[in-house]
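These are my notebook entries on a single chain. I record what I looked up and what I found, entry by entry.

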Amino acid sequence: MRIATWNVNSINARLETVLAWFREASPDVACLQEIKCVDEKFPAEPFESLGYNVAVHGQKTYNGVAMLSKTPLEDVRRGLPEGDGDDHARYIEAVISGPRPVRVGGLYLPNGNPIGTEKFAYKLRWMERMNAHARNLLALEEPLVLTGDFNVIPEDTDCENPAAWLGDALFQPESRGAFRALMWLGLTDAHQAAGGGPHAYTFWDYQAGAWQRNNGIRIDHALLSPQAADRLRGVEIHKHVRAWEKPSDHVPLVVDLDL
DNA sequence: ATGGTAGACCTTCTA
């Protein structure tokens, strides 16, 4: 089973590109982030024509997440628990039905820039809620994949020039510490477990020739419960997609599980 | 040097 995540930076601006990748990669499950539209504006029909079931947690202009699956999506959750007053659409979760069901959480973690503002405080609060929810999910002791745009650079080797990121919310000790705390609940970074090395980027900024200079960062992740990690076959970063016409600034990350 | 680009949308915010 191939489970993908991709921050598409507007599903409607990116539709032909996203469909082309779906035809090429044929993921069983795909979590999309930054769809930047409300539920009714999500172009579900072309994906349904490709054989996908679609669940959307949309929002106008900003954020928005979706999950697509070849088999029915069950037990769908939209938003993290304890979300009083949080109107950002950043989390969607479902159980992927089949002979070996797997629970998948698709997340778009807040960017948090600039640091020292309410945006950064919101990022850290959101991460606390994510970690609490992950603890509850891990207690189920079932195959679980938490994947998406985490907006966290875990290690120095996950960027080209660490010094350039010192003032950035994606690289703050608090952000990286909260990410590590999430891992320490008992999750496995699929990239590391599959033998992925340093400088394996999933995002290149549109600005300042970041792609041409390979000035990227690894911020899209797939974290596995023990029951999922035991069945990990491999991980792919579909870097070639960044060179396509009208690309997203992120590329797809694909996890292959023996499920 | 605080730049640069992309998307949604209405003048600016977010990334």
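Which residue of S4 does leucine 32 stand opposite? I found that leucine 32 stands opposite alanine 66 in S4.

**Entry 1. Conventions**

I note that this is a predicted model, in which local features need pLDDT of at least 70 and side-chain atom pairs count only at pLDDT 80 or more, while totals for chains, interfaces and linings use all residues. Residues are numbered from 1 along each chain as its sequence is written, and chains are lettered from A and ligands numbered from 1 in the order in which they are written.

**Entry 2. Chain A overall**

I counted six helices and 14 strands in chain A; helices (H or I, at least four residues) and strands (E, at least two) are DSSP runs, numbered from the N terminus. The radius of gyration is 17 Å, close to the 18 Å that the globule rule gives for 259 residues, so chain A is as compact as a globular protein of that length. That radius is taken over C-alpha atoms, and the rule is 2.2 Å times the number of residues to the power 0.38. Along the principal axes, the C-alpha atoms occupy a box of roughly 45 × 45 × 40 Å.

I then looked up burial: 43% of the 259 residues are buried. A residue is buried if 20 or more other C-beta atoms lie within 10 Å of its own, exposed if 12 or fewer, and partly exposed in between, with C-beta atoms placed from the backbone. Of the contacts between residues at least 6 apart in sequence, 68% join residues at least 24 apart. Two residues are in contact if their C-beta atoms, placed from the backbone, lie within 7 Å.

**Entry 3. The sheet that holds S4**

I traced an open sheet of six strands, ordered S3-S4-S2-S1-S14-S13, with mixed pairing. Strand S3 (53–57) and strand S13 (232–237) are its edges, each pairing on one side only. From one strand to the next the twist averages 15°. Two strands pair if DSSP finds at least two bridges between them.

I followed S4 (residues 65–69) on both sides. S3 pairs with S4 in the antiparallel sense over five bridges; valine 54 has leucine 68 as its bridge partner, and alanine 55 has methionine 67. Strand S2 (residues 29–33) also pairs with S4 in the antiparallel sense, again over five bridges.

Why do I call S4 largely enclosed by the rest of the structure? Five of the five residues of S4 are buried, so S4 is largely enclosed. Val65, Met67 and Ser69 point one way and Ala66 and Leu68 the other, and all are buried. In a regular strand the side chains alternate between the two faces of the sheet.

I moved on to strand S1 (residues 2–7), which is mostly covered, with five of its six residues buried. S1 pairs with S2 in the parallel sense over five bridges, and isoleucine 3 has valine 29 in S2 as its bridge partner. With strand S14 (residues 253–257), S1 pairs in the antiparallel sense over four bridges; there alanine 4 stands opposite valine 254.

**Entry 4. The sheet that holds S7 and S8**

I found another open sheet of six strands, in the order S5-S6-S7-S8-S12-S9, with mixed pairing. Its edge strands are S5 (73–78) and S9 (188–189), each pairing on one side only. Strand S7 (residues 102–108) and strand S8 (residues 144–149) run parallel and are joined by six bridges. I noted tyrosine 108 opposite aspartate 149 in S8.

**Entry 5. Helices H3 and H4**

How do the axes of H3 and H4 cross? The axes of H3 (residues 118–138) and H4 (residues 173–184) come within 10 Å and cross at roughly 5°. That makes H3 roughly parallel to H4, the term for angles under 35 degrees. Among the residues that meet are Leu124, Met127 and Met130 in H3 and Ala178, Ala181 and Leu182 in H4. By class, I recorded seven nonpolar, two polar and two charged residues in this contact.

**Entry 6. Tryptophan 211**

I located tryptophan 211 in the loop between strand S10 (203–204) and strand S11 (216–217). Tryptophan 211 counts as partly exposed because it has 19 C-beta neighbours inside 10 Å. Leaving out residues up to four places away in sequence, tryptophan 211 touches Trp204 and Arg242. Alanine 243 is 32 residues from tryptophan 211 in sequence and 8.4 Å away in space, C-alpha to C-alpha.

Note on methods:
Axes fitted to C-alpha atoms, helices over the stretch in contact; angles between N-to-C directions. Parallel < 35°, antiparallel > 145°, perpendicular 65-115°, else oblique. Nonpolar A, V, L, I, M, F, W, Y, C, P; charged D, E, K, R; others polar.
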